[in-house]
Amino acid sequence: MPELPEVETVRRTLEEKILCRPIQGIEVLYPRVLRNCEEGQLRDALLGRQFTQLDRRGKYLICRLDSGDRLVIHLRMTGRLIAVPRDAAVEKHTSIRIHLADELDVRLVDQRKFGTIDLLQEPGWGSIQGLKGLGAEPLAEDFTPAYLAEQLAGRKAAVKSVLLDQRRIAGLGNIYADESLHRAGIYPGKPAGEITEAEIERLHQSIKEVIKEGIAHRGTTFRDYVDGEGRQGGFQALLRVYGREGQPCAACGGPIVRIKLAGRSSFFCPRCQGE
Ligand SMILES: [Zn+2]
């Protein structure tokens, strides 16, 4: 699933291409991609308008229109948002095409079809449940060791589960949570409330580092992810634990282990992240 660095990379690569080009039409090939509006309503909101700004919050992309309306896009599991020439072959799992001036298309291609688009016509995030309750951005100033400590304090849940909770920290998913915990030397299943002050300092630092490096390398392509120009990311080559079951730990040489935690795979080094 695209996480913060992947969505940020999509944002950056699309920004150069799609801003300030009049929207000439839309084709909805998978109507359920639209969560809170019908195709006609979306067409009315978009036709003749243009995107003026592309923002990201957590794993959400927010496309601002010159009307003040916003399109809120979540790629979920396998969504790929790409800008391609309008005459490019339409891939099998294309959910929507937005036709821009200069024969350019923005397309959401989504094999698993969990990706969503919301049309937001009022100020604020009101109707979009996931957006309005998002926690701090890992690279924002309000994400401090004290903030992280507050999120973990008194919780019996595994620290990894707390890191994945978007209401506490926005944008972390399975890959960057595992990588952060490895760098901080913390067992993913350790109860959040038992994380020490020194561990919190290290974890805070490693989350910021991993997210920054992920963005610098244009995200991680494990299966489906590509940026807005259809290119794969580069961070997969630098992963230290995620997806590396049985391979040697970069720090100690011991084998990386995979366990199930709250139904999700977690990769860690038992030696560096003592249970
Ligand atoms: Zn190790």
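Student: Which residue forms a salt bridge with Lys-17?
Tutor: In this predicted model, the partner of Lys-17 is Glu-229. Their closest N and O atoms are 3.9 Å apart, and the cut-off for a salt bridge is 4 Å.
Student: Nice. How many salt bridges are there between domain 1 and domain 2?
Tutor: The count between the two domains is 1 salt bridge. There are also 7 residue pairs in polar contact between domain 1 and domain 2, with both residues at pLDDT 80 or more.
Student: And which elements supply the side of domain 1 that touches domain 2?
Tutor: Helix H1 (4-18) and strand S5 (79-85) each supply at least two residues of that side. H1 gives the most, with 10 residues.
Student: Switching topic: where are the domain bounds?
Tutor: Domain 1 covers 4-132, and domain 2 covers 145-268. Their C-alpha centres lie 28 Å apart.
Student: OK, and how many residues are in contact across the two domains?
Tutor: On the domain 1 side there are 19, in contact with 20 residues of domain 2.
Student: Last one, what area do they bury between them?
Tutor: Domain 1 and domain 2 bury about 1500 Å² between them, and 65% of that is on carbon and sulfur atoms.

Technical notes:
Residues are numbered from 1 along each chain as its sequence is written. This is a predicted model: local features need pLDDT of at least 70, side-chain atom pairs count only at pLDDT 80 or more; totals for chains, interfaces and linings use all residues. Side-chain values use heavy atoms; hydrogens and water are left out. Domain bounds come from an automatic or database domain assignment. Contact means heavy atoms within 4.5 Å. Buried area is the accessible area (1.4 Å probe) that two parts lose on being put together, summed over both. A salt bridge is a side-chain nitrogen of Lys or Arg within 4 Å of a carboxyl oxygen of Asp or Glu. A polar contact is a pair of N or O atoms within 3.5 Å; within protein, one must be able to donate a hydrogen and the other to accept it, and residues adjacent in sequence count only if both atoms are side-chain atoms. Helices (H or I, at least four residues) and strands (E, at least two) are DSSP runs, numbered from the N terminus.
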